[in-house]
Amino acid sequence: MATTVADEKKNLRAIMIACRDALPRERAAAWSGSIQRQVLAGESYREASAIVLYAAIGNEVSTDRILADALASGRAVFYPSGAGRRARPRPGGEASTGMIVARRIRDRAELARGVYGILEPPKSSEVLDSKSFAKILVCVPGVAFGLEGQRLGRGGGHYDRFIGQLGREAINVGLAYSFQLLDRIPETGLDRRLNFIVTESDVHRACEAPLPARRTRTKEVNPGANYRNPGIHSWWRGLFHLGNNETA
């Protein structure tokens, strides 16, 4: 029986989630801090008047530091809410449970546990209207990411549809640990690519995406040209010696 794209995604998702769960919490917190500092130093963040964040679950990259800075600097902050209409199942067998609606918060205390146990804004909160903001930065979670902006999510296709609705005005940034950045991610025509992938060691610009600020640590992605980038492979070399791996 031939392996489908859905099968490839399912298998890769299971492997990557297991690897992420195995990451010590202290290490995850330290790397999350580095990743968020890179985002805050970037031109895309500095120019954005609205920020879409996500509430991390498990060992996902945290966004709490970005939230604090965005609120303090007067930016409009939005979080995903799953309270949308049900969507049709995606081709390939992946379940699809609904649509993301981004709603505004003005204080972290407004977030409460939703249906899936993920922190969400109140259903009565203001819904994001992308036409009301000149520049929007969307921080996107993921299980794994590809060198050209590909993303493997939790399996429902929620962010793919959400990103598609926002249009080209929004800059979409995947937040990931270096070991989550892979040479290739299986994808279909419904998957949406991201503009940047930010890890604790680098800011990776996907093809045809705007350049980050000059002072941001940046490596322009050029698949096949140079695989000495430690942010892609060194963690895997040290997978069975995680406690001693300090460079990934």
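Of the 248 residues of the chain, 52% count as buried, where buried means under 20% relative accessible area with a 1.4 Å probe and protein chains only. The model is predicted, so that local features need pLDDT of at least 70 and side-chain atom pairs pLDDT 80 or more, while totals for chains, interfaces and linings use all residues. Residues are numbered from 1 along each chain, and side-chain values use heavy atoms, without hydrogens or water.

The chain has six helices and 13 strands, which are DSSP runs numbered from the N terminus (helices: H or I, at least four residues; strands: E, at least two). Helix α2 covers residues 25–41. Among its buried residues are W31, I35 and V39.

In soluble globular proteins, nonpolar side chains tend to be buried together. Here the largest nonpolar core has 61 residues; such a core is a set of buried Ala, Val, Leu, Ile, Met, Phe, Trp, Tyr and Cys residues joined through side-chain atoms within 4.5 Å. Strand β6 (residues 136–140) gives the most to this core, with five residues. L128, L137, F162 and L175 have the most contacts inside the core.

Across the chain, residues 24 or more positions apart account for 68% of the contacts with a separation of 6 or more.

Terms used
The expected span of a helix is 1.5 Å times one less than its number of residues. Buried means under 20% relative accessible area, exposed over 50%, partly exposed in between (1.4 Å probe, protein chains only). Contact means heavy atoms within 4.5 Å.
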